[in-house]
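Here is a short briefing to read alongside the structure. Keep the view open as you go through the points.

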Amino acid sequence: MATRHITYQTQGTCSKMIDVTCDADDRIQQVFFLGGCNGNLQGIAQLVRGQKIDDVIPRINGIRCGTKGTSCPDQLCRALEALKQQPLVEE
């Protein structure tokens, strides 16, 4: 099966990194966050699993955390946008 993968360095959030894999149809297969609010981020990862990237991005784009200009969901959106640009790799 062909997949895309990215390890995305976050900016402006408690989480430090997001690791995301999707399939050739741009369906999210797995999401892992490093750092941040563990329970909430596990929940977000479970909610987006199996969803199409283009369905998730409009839902989480621009979410803010307190007075920060971004949030972990917003950074996931940035990671997903970058993931779409990655080449497919056959496993």
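The model is predicted.

**Strands**
- Strand β1 covers residues 2-9. β1 and β2 pair in the antiparallel sense over seven bridges.
- These two strands, β1 and β2, form a hairpin with five residues between them. In that turn, G12 has a positive phi of about 80 degrees.
- Strand β3 spans residues 28-35, and β2 pairs with β3 over seven bridges, again in the antiparallel sense. D19 has F32 as its bridge partner in β3.
- Strand β2 takes in residues 15-23. Seven of its nine residues are buried, so β2 is largely enclosed by the rest of the structure.

**Residue R4**
- R4 lies in β1. Its bridge partner in β2 is C22.
- R4 has a relative accessible area of 14%. The cut-off for buried is under 20%, so R4 counts as buried.
- A polar atom of the R4 side chain lies 2.7 Å from the backbone oxygen of Q86.
- Beyond its neighbours within four places in sequence, R4 contacts residues including V20, D26, L83 and P87.

**Largest pocket**
- The largest pocket holds about 170 Å³ of space.
- Its lining includes T13, C37, I44, K68 and P73. Helices α1 (38-48) and α3 (72-83) each give two or more residues to this lining.
- The largest share, three residues, comes from α1.
- By type, the lining has seven nonpolar residues, four polar and one charged.

Technical notes. Residues are numbered from 1 along each chain as its sequence is written. This is a predicted model: local features need pLDDT of at least 70, side-chain atom pairs count only at pLDDT 80 or more; totals for chains, interfaces and linings use all residues. Side-chain values use heavy atoms; hydrogens and water are left out. Helices (H or I, at least four residues) and strands (E, at least two) are DSSP runs, numbered from the N terminus. Buried means under 20% relative accessible area, exposed over 50%, partly exposed in between (1.4 Å probe, protein chains only). A polar contact is a pair of N or O atoms within 3.5 Å; within protein, one must be able to donate a hydrogen and the other to accept it, and residues adjacent in sequence count only if both atoms are side-chain atoms. Contact means heavy atoms within 4.5 Å. On a 1 Å grid over the protein atoms alone, a cavity is a set of points where a 1.4 Å probe fits but cannot get out, and a pocket is an open set with protein on both sides within 12 Å along at least five of seven lines; lining residues have an atom within 4 Å of a point. Grid points are joined across faces, edges and corners, and a volume is the space filled by probe spheres set on the points. Ala, Val, Leu, Ile, Met, Phe, Trp, Tyr, Cys and Pro count as nonpolar, Asp, Glu, Lys and Arg as charged, and the others, Gly among them, as polar. Two strands pair if DSSP finds at least two bridges between them.
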